[in-house]
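Welcome, and thanks for taking a look at this model. Could you keep the sequence and the 3D view open side by side while you read?

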Amino acid sequence: MQDYDLFVIGAGSGGVRCARIAAQNGARVGIAERRHWGGTCVNLGCVPKKLMVYAAETGRMIEDAPAFGWDVQRPSSFDWYGFLAAKDREIERLNGIYVSMLEKAGIDLYTGDARLLDANTLEIGPSVLAPEAPVQRIRAKKIVLATGSTPVRLDIPGAELAITSDELFHLPERPQKVAIIGSGYIGVEFAGILAGMGSQVDLFYRQPLPLRGFDEEVRAHLKELIDLHGITQHPGTTPVRLEDIGGGKAVRLVMDDGESYEVDAVIMATGRRAAVDSLGLEAVGVTMEKGHVVAGIDGKTNIPSIYAIGDIRDQYNLTPTAIAEGHMLAEQLFNPQGRTWSFETLPKAVFFSSPVGVVGLSEEEAAKDHDLVIYTSQFTPMRQTLPKRAGKVLMKLVVDRHSDVVLGAHMVGPDAPEIIQMLAIAVTAKLTKKQLDQTVALHPSTAEEFVTMRSPTRMVDRH
Ligand SMILES: Cc1cc2nc3c(=O)[nH]c(=O)nc-3n(C[C@H](O)[C@H](O)[C@H](O)COP(=O)(O)OP(=O)(O)OC[C@H]3O[C@@H](n4cnc5c(N)ncnc54)[C@H](O)[C@@H]3O)c2cc1C
Ligand SMILES: NC(=O)c1ccc[n+]([C@@H]2O[C@H](COP(=O)([O-])OP(=O)(O)OC[C@H]3O[C@@H](n4cnc5c(N)ncnc54)[C@H](O)[C@@H]3O)[C@@H](O)[C@H]2O)c1
């Protein structure tokens, strides 16, 4: 039986960082992974999704090329199979990088399904990635649960006929007619990707606007952009059941308003839940709530030797936050440095076309505690002028009226994630609107609008 200072279950964004920082600080570390090295982000999340966004955007750029003088034909078809193969080769390369990075750090790697036997013992058995793996027992002073999350399907008849983002990344063919249920991150992003590749997309969601939880003006602006991309939106609707109408190749989606839709694929983009099923948490007495492990930002659970980081805690559910949680935990345990991240000003992006980028508070959140000055600007970006591509950029600053501190910055438009990542530094540093105004513009750019918004759009008193 091996003995470790720290054993990490799950080699995703959080687990890998936690293991590496612990090992760098002299701890004897082991890590187990059952499915794919690098976790969701690398294999079934951020990375393949962003490659798909690039694929869809490339088609749109080719469409625009004649307006900039290029003698090119409109793209006629998208080679889904060829693209997926190229994407898989890139992911395989990244898997290899993760394995060698962990090995170089002196960490012992275990391929298999891990489960707890008690607060300091775990067992690793066969899994999809290692069906023949022998069962091994491990002892560790500290155990980190970093098993992430998996997609949730709605509990309705025929739900098994739908696919989730997991399956979408490996479909043998691109569905021509797609229904997407849910307009959170995944629903909106895949609507943009599939529409960009030529699919007919219907987007179904319960609320009047997509992207619940984001700034209302951002949501309304995004709704218009989704229309402009030819995606048919069905707000205020809920699915009732799915029926097989073509031997698993065609599905009928029946909605609560009585309408039904026949499509090649229904994608359920209806949230994710913590991956805890086979971990043996109940036997060890780890406290759970609504299906996720209860742990603070410091990773501490109710069991002193057991920690939890990333999606399994169901708080931020993003890659950079899982990485930050893993990093902070390893340092807290093996070399307290006091490094922290400002989670209140977490930048977020939704990679639609055009993408959304936000940091800090929405107008609605800020108005709970602050009197506000709101600055907004809408304009056609220069790149869209010659091709006459419709769709405006929205930029918005939420400013505290008394301190002048910028509480939130929001953008929907080309390069919004890149621009907002940089503006996140200013919002995290609590810079004022005056300091943004002192910054000289970089012209011609889209980002310059954030330092040239002179006149307030409106005043909002705290509610
Ligand atoms: C389609 C999609 C797109 C996304 N896009 C973005 C994005 O653009 N930006 C962003 O910031 N976030 C994005 N996310 C979210 C991001 O991927 C997650 O928040 C992040 O991966 C969470 O990291 P984690 O370390 O908690 O878990 P994960 O990365 O999920 O890693 C957990 C690992 O644990 C393994 N595991 C589970 N159980 C066991 C077990 N019993 N034994 C051994 N191993 C086990 C799993 O196989 C997995 O590899 C996206 C997610 C999805 C689904
Ligand atoms: N760009 C990014 O950073 C990125 C991209 C993808 C995913 N993610 C992460 O992954 C998480 C999961 O993404 P997601 O889009 O699946 O979840 P989400 O929580 O963002 O959206 C879920 C959607 O499903 C709908 N829904 C939930 N229950 C429903 C029901 N019973 N009936 C009808 N609709 C229902 C919700 O209203 C919402 O529209 C995100 O919260 C995010 O943290 C991040």
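The report below goes through domains, sheets and ligand shells in turn.

This is a predicted model, in which local features need pLDDT of at least 70 and side-chain atom pairs count only at pLDDT 80 or more, while totals for chains, interfaces and linings use all residues. Residues are numbered from 1 along each chain as its sequence is written, and chains are lettered from A and ligands numbered from 1 in the order in which they are written.

## Domains and annotations

Let us begin with the overall layout. The domain assignment divides the protein chain into domain 1 (2-150 + 273-341), domain 2 (159-270) and domain 3 (345-458); such bounds come from an automatic or database domain assignment. Taken over C-alpha atoms, the centres of domain 1 and domain 2 are separated by 27 Å. Their contact (C-beta atoms, placed from the backbone, within 7 Å) takes 12 residues from domain 1 and 11 residues from domain 2. On the domain 1 side, helix H3 gives the most, with 9 residues. By class, that side of domain 1 has 8 nonpolar, 1 polar and 3 charged residues. Here Ala, Val, Leu, Ile, Met, Phe, Trp, Tyr, Cys and Pro count as nonpolar, Asp, Glu, Lys and Arg as charged, and the others, Gly among them, as polar.

Over residues 4-326 the chain is 32% helix and 25% strand, with the end C-alpha atoms 17 Å apart. The span 347-453 is 21% helix and 29% strand, and its end C-alpha atoms lie 21 Å apart. Helices (H or I, at least four residues) and strands (E, at least two) are DSSP runs, numbered from the N terminus.

## Sheets and a hairpin

Now for the strands. Strands of a sheet pair through backbone hydrogen bonds, either parallel or antiparallel; two strands count as paired if DSSP finds at least two bridges between them.

One open sheet has 4 strands in the order E10-E9-E8-E14, with parallel pairing. Strand E10 (232-234) and strand E14 (265-268) stand at the edges with a single partner strand each, so one side of each is left without a neighbour in the sheet. From one strand to the next, the twist averages 20 degrees. Strand E8 (residues 177-181) pairs with E14 over 4 bridges in the parallel sense, and Ile180 stands opposite Ile267 in E14. Helix H6 packs on this sheet, touching E8, strand E9 (200-204) and E14, and its direction makes about 165 degrees with that of E9. For such angles, axes are lines fitted to C-alpha atoms, for helices over the stretch in contact, and values run from 0 to 180 degrees between N-to-C directions.

Strand E22 (residues 393-400) and strand E23 (residues 406-412) are joined antiparallel over 6 bridges, with Val398 opposite Gly408 in E23.

E4 and E5 form a hairpin with 2 residues between them. The two run antiparallel, joined by 5 bridges, and Ala114 has Ile124 in E5 as its bridge partner.

## Ligand shells

Finally, the ligands. A residue belongs to a shell if its C-beta atom, placed from the backbone, lies within 6 Å of the molecule.

| Ligand | Shell | By class |
|---|---|---|
| Ligand 1 | 36 residues | 14 nonpolar, 16 polar and 6 charged residues |
| Ligand 2 | 22 residues | 10 nonpolar, 8 polar and 4 charged residues |

Around ligand 1, Gly10, Gly12, Gly39, Gly148 and Gly310 come nearest. Helix H2 (39-44) is among the elements that supply at least two residues each, as are helix H1 (13-24) and strand E4 (113-118). H2 gives the largest share, 4 residues.

Around ligand 2, the closest residues are Gly182, Gly184, Tyr185, Ile186 and Asn317. Helix H6 (185-196) and strand E19 (348-350) each supply at least two residues of this shell, and H6 gives the most, with 4 residues. Domain 2 and domain 3 both give residues to the shell, so ligand 2 lies between them.

Note on methods
Contact = placed C-beta atoms within 7 Å.
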